[in-house]
Amino acid sequence: QAERPQHDNHADRIRAVAQALSVPVIANGGSKEINRYRDIELFREETNASSVMIARAAEWDCSIFRKEGRLPLDTVISAYLRYAVDYDNPDGNTKYCVQNMLRDLQESPLGRTFHEAQTNEQICALWNLDEYCRQKQLDFRERGMLGRRELQVLGTKRRKLSGDVITQRCIFLRNLYPDDTDLPKTKLLTWVRKNGLSQPQYKTVQVDKLFQSIVTVGFNNYSSSCWEKSKKWAEQSAAIACLSSLGVFDIKTLKENGTILD
């Protein structure tokens, strides 16, 4: 019978297996009962196992491994975020890990604000580490180390289009556009119609699971130098590059909200 994490752990069965075998047995599944370092040893003793393997309890709070006792949750999250920034961790993975730590706090005011965050910098800002994140990115660039969004995907050929491509180092942050009428592509379509131009034309390339788009408006081509995780987001980023170049979107505002990366 299949069992899920919400089911009670069968320490007695693990103990029976450990007693019947001469090889080391690693006990797993005790996360619901592990809240401190001492609980790890109690679980090992209860199962008579040679060692214990922990997953969920460690994801919830890795300070359970401290013999001196657990640290405040904000301290653990802040320390984790520094590692995430230092090693240019993907935004989505950073959010997933912090979400596991917050657990029931996801319904708190902090948790609801956290759910709206999309980038490492936005997440870091909730723990007063946004400046640390920005400075680390500047440090990467000064050393010639490209951030994850700026990496040139290996094996890609330079795209050749008629005319130059006007690029902007920008990303699409969905949480900044709660109303679909405010989306960059919608704004760009409205602008070209108002100015009597043809509808914007988008060309997108995909490499592995990354996407990059070029939008043609009039006789000019616009693109973001950053890669996005979907075709739709890549087109939105290209629209942002176009609108900021045309002066429709204020560059200062885009820098302040994290859309344009310095």
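This is a predicted model: local features need pLDDT of at least 70, side-chain atom pairs count only at pLDDT 80 or more; totals for chains, interfaces and linings use all residues.
**Overall form**

- The radius of gyration of the protein chain is 24 Å, whereas a compact globule of 262 residues would have one near 18 Å.
- Taken along the principal axes, the box filled by the C-alpha atoms of the protein chain is roughly 80 × 40 × 35 Å.
- Among contacts in the protein chain with a separation of 6 or more, 56% come from residues 24 or more positions apart.

**Surface and charge**

- About 16,100 Å² of the protein chain is accessible surface, and carbon and sulfur atoms hold 50% of that area.
- The protein chain carries 38 positive side chains and 34 negative ones, and 6 Å lies between the centres of the two sets.

**Nonpolar cores**

- The largest nonpolar core has 19 residues, and the members that touch the most others are Leu188, Val215, Val217 and Ile240.
- At least two residues of this core come from each of α9 (184-194), β5 (210-217) and α10 (231-246).
- Helix α10 is the biggest contributor to this core, giving 7 residues.
- Leucine 188 shows how these pieces meet: leaving aside residues up to four places away in sequence, leucine 188 touches Pro200, Tyr202, Val215, Val217, Ala239, Cys242 and Leu243.
- There is also a second, separate core, made of 16 residues, and Val76, Leu102, Trp127 and Leu129 are among them.

**Loop residues with a positive phi**

- As background, most residues other than glycine have a negative phi.
- Asparagine 128 has a positive phi, near 60°, although this residue is not glycine.
- You can find asparagine 128 in the loop that runs between α7 (120-125) and α8 (130-142).
- Asparagine 128 counts as exposed because its relative accessibility is 70%, and exposed means over 50%.
- Aspartate 208 is another residue other than glycine with a positive phi, in this case near 55°.
- The loop between β4 (201-207) and β5 is where aspartate 208 lies.
- With a relative accessibility of 65%, aspartate 208 also counts as exposed.

**Buried loop residues**

- Glutamate 228 sits in the loop between β6 (220-224) and α10.
- The relative accessible area of glutamate 228 is 1%, so this residue is buried, the limit for buried being under 20%.
- From C-alpha to C-alpha, glutamate 228 is 9.1 Å from serine 213 in space, and the two are 15 residues apart in sequence.
- Isoleucine 171 belongs to the loop between β3 (165-168) and α9.
- Isoleucine 171 counts as buried, because its relative accessibility is 1%.
- Although 87 residues separate isoleucine 171 and glycine 258 along the chain, their C-alpha atoms are 8.0 Å apart.

**A partly exposed helix residue**

- Glutamine 99 has its place in helix α5, which covers residues 91-102.
- At a relative accessibility of 27%, glutamine 99 counts as partly exposed, since that class lies between under 20% for buried and over 50% for exposed.
- Not counting residues up to four places away in sequence, the residues that glutamine 99 touches are Gln106, Phe114 and His115.

Methods:
Residues are numbered from 1 along each chain as its sequence is written. Side-chain values use heavy atoms; hydrogens and water are left out. The radius of gyration is taken over C-alpha atoms; the globule rule is 2.2 Å times the number of residues to the power 0.38. Contact means heavy atoms within 4.5 Å. Accessible areas come from the Shrake-Rupley method with a 1.4 Å probe; for residues, only the protein chains shown count as cover. Lys and Arg count as positive and Asp and Glu as negative; His and the chain ends are not counted. The place of a charge is taken as NZ of Lys, CZ of Arg, CG of Asp or CD of Glu. A nonpolar core is a set of buried Ala, Val, Leu, Ile, Met, Phe, Trp, Tyr and Cys residues joined through side-chain atoms within 4.5 Å. Buried means under 20% relative accessible area, exposed over 50%, partly exposed in between (1.4 Å probe, protein chains only). Helices (H or I, at least four residues) and strands (E, at least two) are DSSP runs, numbered from the N terminus.
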